[in-house]
Structure formats: structure tokens, C-alpha cells
Amino acid sequence: MFFFLAVLSYGVAIPTGLFVPSILCGAAYGRLVGVFVADMHPGTHAIDEGTYALLGAASFLGGCMRMTVATCVMLLELTSNLALLPMMMLVTLVAKAVGDGTGVKPVYESLIELKQLPYLEPHPHSLMRHITAVEAAGQPAVTFARVERVGRILEVLRATLHNGFAVTGAAGDGEQHIMGIVLRSQLVVLLRTRRCFQPTMFVSEVAGRVAFSYQQSDFVCPISEARPDIHGLQLSEQERAMFLDLGPYVNPSYYVVQEDTSLAKVYTLFRALGLRHLAVIPRASNVVGVITRHDLLGSSLESTCLEQLTLGAGAAGLAKALRGTVQEAVDAYQHQRGTTPVPLSTVLHSPRSSAAAAVNMAGPASRSAAAGTARAGSGPVASAAAWNAAGHALGSSKGATISRLAGSRGEGGSLTPSRAAAAAAAAADSGG
């Protein structure tokens, strides 16, 4: 009875499982075997039918679900009888060996295949190491333009079952670049509401304001509810001829792999990150940066962000080295004149003058640090190295002054190499 009820109820969208029915089915046929053995040996009181029921439950779980250790531990906790452990281990291993030998898959794996769920095994197949990502990717890729015609979006959704689509847009150089990924559920909601349709194919600010009218809950469908059917959506010819700006709805932080990436690596990414789709792009031509574990630490992120906010992204390294060089020139000139030292922040907005003499008065270590930073660019590693060299060359007090000036957000944002040189000349003139 329990077996037939489990067959009828399992797989239905009701809160019923298969674990407890399996225990009951196994215990039922185990007790039946115990009754037969007791009838074959009448007058023998050493035969316990309950022990046969327990061993039957263990064998049923081991055969249909291939569970061994978990089954023994669970049933042992139910009985609290360690004497039954060797027999439970024996029947469980025998049941699992018989199930594997027949070639019949466990019940859960059979259900996954029956429902055609894309379940990935823990480890990739060895053949995947010899296949690249572009060879396994679906071609040609189905993409949308940033401003796409509503009729084409509807046709693509009806013709495919893809969960995500890449959105491309023209960059400043005229080439097409991937803007991000838009989900199928988002497109269905946008088409059903008809709120974001526009008559022209140009990007406008109105589309961004309309996007703010949607809530996150508008794009989320509960599991208990059926997803909207795109085939039942009817649009007029006038609505099909309109356009839809997909820019405000794309996810710009999408995952990509290069076309020659090993399929085994792609498999690992899907397993580890739980991805549903992954874009394949051509091999990159240059590297804009490298991130390490150290860069993700809180202290490293704080110093990097502070440097960018203080000195700007354009001439960060050069401005830092020039700030130290100019400050040293100002201090040396004032020391020779015997006047009160003038901080660099005081003379940032002074009139321009010749800065050659002031810069030449700086120490050789600071000038070499400034030159090295100028050659290295504005990278955080190169600029930090040159900055430390200049600070050590100036001594502990000067290094502290340089560090304090570099940490000033309000002044650093307007400091440029030309203004730094002008500040040194103005300080020299004011000292005379």
C-alpha cells in the first residue's frame, strides 16, 4: 500500500517526499521475510521479526537511493542498538552493489532525467579539457541592440527558450560592445506592461525615468505561480512597430570567458557560481589591470580609493611625486632665507612664475622619484613606490609632511603638475 501511494504521489507538486515511504516499504517487506523465516522454524523464539523489518528498511534505502553511511547512522540512532550495526552495514552494501550492478540509476537521478533538469556532476568529463568554449557555445548568439524593435523581441522570445540575452551598443569609437545581459523574465514583464514603449529608436532620458517606476518585485515570480506565457501575449501592429530601450534593465556585471577557454574551466564556473548562462567573447588584446587577494582587503581598498579621490585618476602618480619635490624646494628656500616656512597649501593659488630654480633646489632622490613616477604612469603600485622613495629621501619629518599633504582630499583634487610648479615659483618669490 505504501509503495503504490509513493508511486502515485511522488513528483506531484504537493509537500510529500520519498524518504519516509521508502523506510516504510523496506520495513514492510523485511517484516514479511521475517514472518516467512519464523514459519519455516516453528517453535523458535530467537527470530525477531522487528529486526528483519529494520534490515529491510536499510536495504531498501541502500538499493533505491544508494545511501550507505547515512542510512546506517540514521537507523542506528532510531534503535540505539550497536549490535545491529554490522548487519545493517552488510545489507546496505549488498543492496547498493546489486543496484549498481543492474545499471538502474538511483530514484533521484532518474527523476532528474525524467524532468530534463540540467544537473551537472561534481567533476567535468575528461573530454572537456580538449574542447574550447567557442566550440561548445550556441552559435550564432542571439543578441539585442540597446534600442530594439518590440516586434523582434517578441519573435525571439517565442522562438527560443534562452533565459538571458546579450545587449550590444555602439561605443565612442563606433564599434559594437556588450553592454550587459537582460533576462527573459524582464523582457516578458516589459512587454506585458507596455509602459516603456517609445516611438523612436533613439536613446532618451525618458526611458531611464520609466525604469524607476518598476519595482524589484515586478520582475520576480513566486515558485508556486506559473510563469507568464509569452505565446499568449498579443500585441497590435502599432505596438510591434515601437521600440524598447533595454539600457536601464541590463546587468553590466555579467560573467564572460574568452573563446579559447577550456570547457572544463567553464564547467567549473557553472558548478561553483551557479550560473545559468555565460557569454563567450574574443580574446582580449590588452590588460587594464590585475587584481590579487591583497587588493580585496579592506585596508588596501581604502588606500586605493583615497588616492583616486585625492589626486584624480589622470596624473595621480606624477602629482604625488611633484608635490613632494615642490614642498622640499619651498622648505629649502625658506630655510636659506631664514623666513617662516610656508606650507604648500598656502601657495597653491599664487601667481605663476619660473619654477626651474625651485625644483632644482630639491634633492636628487626626490627628483628621481618624480621622474620615475612620471615614466611609470598613474598606476597605484608605481606611484606608491616613487612616493615612498621621495619620503625616505626627505627624512622622517619631510616624509610625514608629504604623507599629511597627500591625505588632504580638498587640496589634492585641484593639484596638477603645472600648478605644483607654479606653487614652487610663487613660494620662492614670496621668500625674496
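This report walks through a sheet, the nonpolar cores, the aromatic pairs and one arginine in a predicted model.

Residues are numbered from 1 along each chain as its sequence is written. Because the model is predicted, local features need pLDDT of at least 70 and side-chain atom pairs count only at pLDDT 80 or more, while totals for chains, interfaces and linings use all residues; side-chain values use heavy atoms, with hydrogens and water left out.

Let's start with the sheet. Its 3 strands run in the order β2-β6-β5, forming an open, antiparallel arrangement; strands are DSSP E runs of at least two residues, helices H or I runs of at least four, numbered from the N terminus, and two strands pair if DSSP finds at least two bridges between them. β2 (147-149) and β5 (197-198) are the edge strands, each with a single partner, so one side of each has no neighbour in the sheet. Between β2 and β6 (residues 243-245) there are 3 bridges, and R149 sits opposite F243 in β6. Helix α8 (residues 150-159) packs on this sheet and touches β2, β5 and β6, where contact means heavy atoms within 4.5 Å.

Next, the interior. A nonpolar core is a set of buried Ala, Val, Leu, Ile, Met, Phe, Trp, Tyr and Cys residues joined through side-chain atoms within 4.5 Å; buried means under 20% relative accessible area, exposed over 50%, and partly exposed in between (1.4 Å probe, protein chains only). The largest core has 27 residues, and I153, L157, L187, L191, Y214 and Y249 have the most contacts inside it. Apart from it lies another core of 9 residues, including A133 and L263.

Aromatic rings of Phe, Tyr and Trp (its six-membered ring) pair if their centres lie within 6.5 Å; planes under 30 degrees apart count as stacked, over 60 as edge-to-face, and the rest as tilted. The count comes to 4 pairs, including these:

| Pair | Centre to centre | Angle between planes | Type |
|---|---|---|---|
| Y29 and F60 | 6.1 Å | 50 degrees | tilted |
| Y214 and Y249 | 6.1 Å | 80 degrees | edge-to-face |

Y29 belongs to α2 (residues 19-40) and F60 to α3, so their pair ties together parts 31 residues apart in sequence.

Finally, look at R66, in the loop between α3 (49-64) and α4 (69-79). With 14% relative accessibility, R66 counts as buried. Its side chain makes a polar contact with the side chain of D100 at 2.7 Å; such a contact is a pair of N or O atoms within 3.5 Å, and within protein one must be able to donate a hydrogen and the other to accept it, with residues adjacent in sequence counting only if both atoms are side-chain atoms.

Notes. Axes fitted to C-alpha atoms, helices over the stretch in contact; angles between N-to-C directions.
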